[in-house]
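Reader: I would like to understand how the words used for a structure follow from their definitions. Could you take me through some of them with care?

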Amino acid sequence: MNPENEADDSFTLTDNGTGESWKLPARTGTMGNRLVDIKSLYGTTGLLTYDPGFTSTASCKSDITFIDGEKGILLHRGYSIADLAEKSDFMEVCYLLLYGELPTPEEKNSFNTDIKHHTLIHEQLARFYSGFMRSAHPMAIMVGVVGALSAFYHDSTDITDIEQRRLAAHRLIAKMPTIGACAYKYSLGLPFPTPRNNLSYAENLLQMMFSNPAEDYEILPALSRAVDRLLILHADHEQNASTSTVRLAGSSGANPYACIASGIASLWGPAHGGANEAVLKMLEEIGSVDRIRKYIAKAQDKKDPFRLMGFGHRVYKNYDPRATVMRKSCHEVLSTLGIQDPQLELAMRLEEIALNDDYFIEKKLYPNVDFYSGIIMKAMGFPTSMFTVMFAIGRTVGWISHWKEMLVDDEQKIGRPRQLYSGKKQRRHISLDRRGHTEKKISWSWLWGGGR
Ligand code: ACO
């Protein structure tokens with residue numbers, strides 16, 4: 001861990017009822033907000049804190065990624081995302097996230113070689129796919145197949161062994177594109193692709209997705225660069241929902257494959273990684289430019305659950321710096337491919353209208369990375385259902401880097417949040433024959449929350 005200013009000042013917490021007060025240490029990282037260290041709060045005061053969604057709570061300390069949401073800054077190990085996207089490739093960023101420094105040419109070469117030697121999947125694992133419906137969502141397959149890796153690679157599930165941890169990390173980075181491309185080919189009923197070790201990570205991913213044994217496939221450099229950039233932009237994002245899920249799963253000592261499967265499950269949700277797919281579904285629903293105003297009004301109507309997908313972010317209350325890079329890449333890909341797609345034109349018009357709308361300006365709702373990544377992937381020919389899979393392939397290195405960091409953090413404990421209990425107080429049990437009829441109309445929907 002980087003040296004940190006130890007408790008250099010403190011806060012005083014006073015109970016206005018009893019007049020009792022306690023000193024709580026302040027902590028300051030190398031950059032970013034001051035924090036109140038409440039680790040000892042419960043032990044010394046018996047008090048708990050309440051923070052649904054962790055909007056004000058740091059769950060760990062980390063050296064990996066820094067975000068300043070107000071200023072629109074994103075740094076990995078101190079390097080800006082714009083520099084990394086412009087000057088490095090995805091393999092370098094993987095190395096940086098995992099090992100803390102950009103690799104030397106020798107280190108890069110050896111890392112690349114090792115990753116390439118793990119790209120194939122076990123034949124038995126390939127048979128796993130046939131248990132899924134052809135119509136299964138590829139993220140459902142990803143959760144299952146990645147989780148199943150722990151049943152195949154017993155030589156890398158002992159988390160107390162550093163070499164096994166390294167092996168699992170490299171394997172996961174290497175196999176994710178193969179597992180993802182197989183999920184896609186399976187849905188089409190096409191043969192599974194073979195990874196090609198003479199290609200770069202991004203080229204190989206494109207090749208596995210779009211080639212077939214009957215034809216040659218030409219990899220356009222502009223597209224492989226765009227895929228590489230897309231992976232870089234998704235590689236890590238601090239303590240987001242899926243990374244926190246991986247850390248929480250890993251905090252119990254679960255094996256790395258199970259932890260990454262839990263991250264994939266969390267990423268799937270439309271408020272997180274599923275947003276890029278939701279963007280395209282939303283564009284389909286809007287349908288044409290003349291209907292944009294209606295949907296902007298729906299997004300502003302508090303009674304309407306509709307939200308503009310691909311807009312807003314929990315942390316960035318200024319522009320999403322990844323979106324700036326992705327927007328440029330998006331325009332490059334569209335012009336390279338010379339695509340005239342009415343849906344993409346609709347997206348560009350929606351972006352323009354929303355960016356000039358008072359509601360979105362006041363609430364600081366800017367297009368996020370998912371808005372452009374959905375458009376870019378559609379232009380390249382990725383089916384919508386594969387968008388979140390691409391995100392998962394890029395984010396795997398981030399998940400593993402956090403998992404690796406967590407395992408050696410001596411302050412880390414099993415994740416076990418507390419709660420504000422709002423249920424019934426203790427009551428006496430009533431036997432079945434003595435329970436009276438209730439006046440309330442009970443239905444499953446009432447029981448599942450509609451009536452509560
Ligand atoms: N469309 C319309 N209104 C919105 C949107 C949106 N996309 N996003 C936020 N708002 C409004 C909210 O209604 C709320 O209004 P209020 O203050 O009047 O109540 C205000 O903006 C703040 O929104 P919150 O939901 O409190 O913000 P939060 O930080 O909790 O949510 C989130 C962030 C989940 C990303 C939200 O902006 C959203 O749902 N966006 C659409 C989904 C999306 O694009 N997700 C991808 C995130 S990026 C990623 O995962 C890589």
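The questions and answers below set values against definitions.

Author: This is a predicted model, in which local features need pLDDT of at least 70 and side-chain atom pairs count only at pLDDT 80 or more, while totals for chains, interfaces and linings use all residues. Residues are numbered from 1 along each chain as its sequence is written, and side-chain values use heavy atoms, with hydrogens and water left out.

Reader: What makes α13 oblique to α15?

Author: Helices (H or I, at least four residues) and strands (E, at least two) are DSSP runs numbered from the N terminus, and here the axes of helix α13 (residues 292–300) and helix α15 (residues 342–355) come within 11 Å and cross at roughly 50 degrees. Axes are lines fitted to C-alpha atoms, for helices over the stretch in contact, with angles from 0 to 180 degrees between N-to-C directions. Angles under 35 degrees count as roughly parallel, over 145 as roughly antiparallel, 65 to 115 as roughly perpendicular and the rest as oblique, and therefore α13 is oblique to α15.

Reader: Which residues of α13 and α15 meet?

Author: With contact taken as heavy atoms within 4.5 Å, I292, R293 and I296 in α13 meet L346, R349, L350, I353 and A354 in α15. By class, this contact has six nonpolar, no polar and two charged residues, where Ala, Val, Leu, Ile, Met, Phe, Trp, Tyr, Cys and Pro count as nonpolar, Asp, Glu, Lys and Arg as charged, and the others, Gly among them, as polar.

Reader: Why do β4 and β6 stand at the edges of the sheet?

Author: Two strands pair if DSSP finds at least two bridges between them, and four bridges join β4 to strand β5 (residues 73–76), the two running antiparallel. The open sheet of three strands has the order β4-β5-β6, with antiparallel pairing. β4 (65–68) and β6 (79–80) each have a single partner strand, so one side of each is left without a neighbour in the sheet.

Reader: How do you know that R27 and D37 meet in a salt bridge?

Author: A salt bridge is a side-chain nitrogen of Lys or Arg within 4 Å of a carboxyl oxygen of Asp or Glu, and for the side chains of R27 and D37 the N to O value is 3.4 Å, which meets that rule. R27 lies in strand β2 (residues 21–28) and D37 in the loop between β3 (34–36) and α1 (41–45), so the pair ties together parts that are 10 residues apart in sequence. By this rule the count comes to 23 salt bridges.
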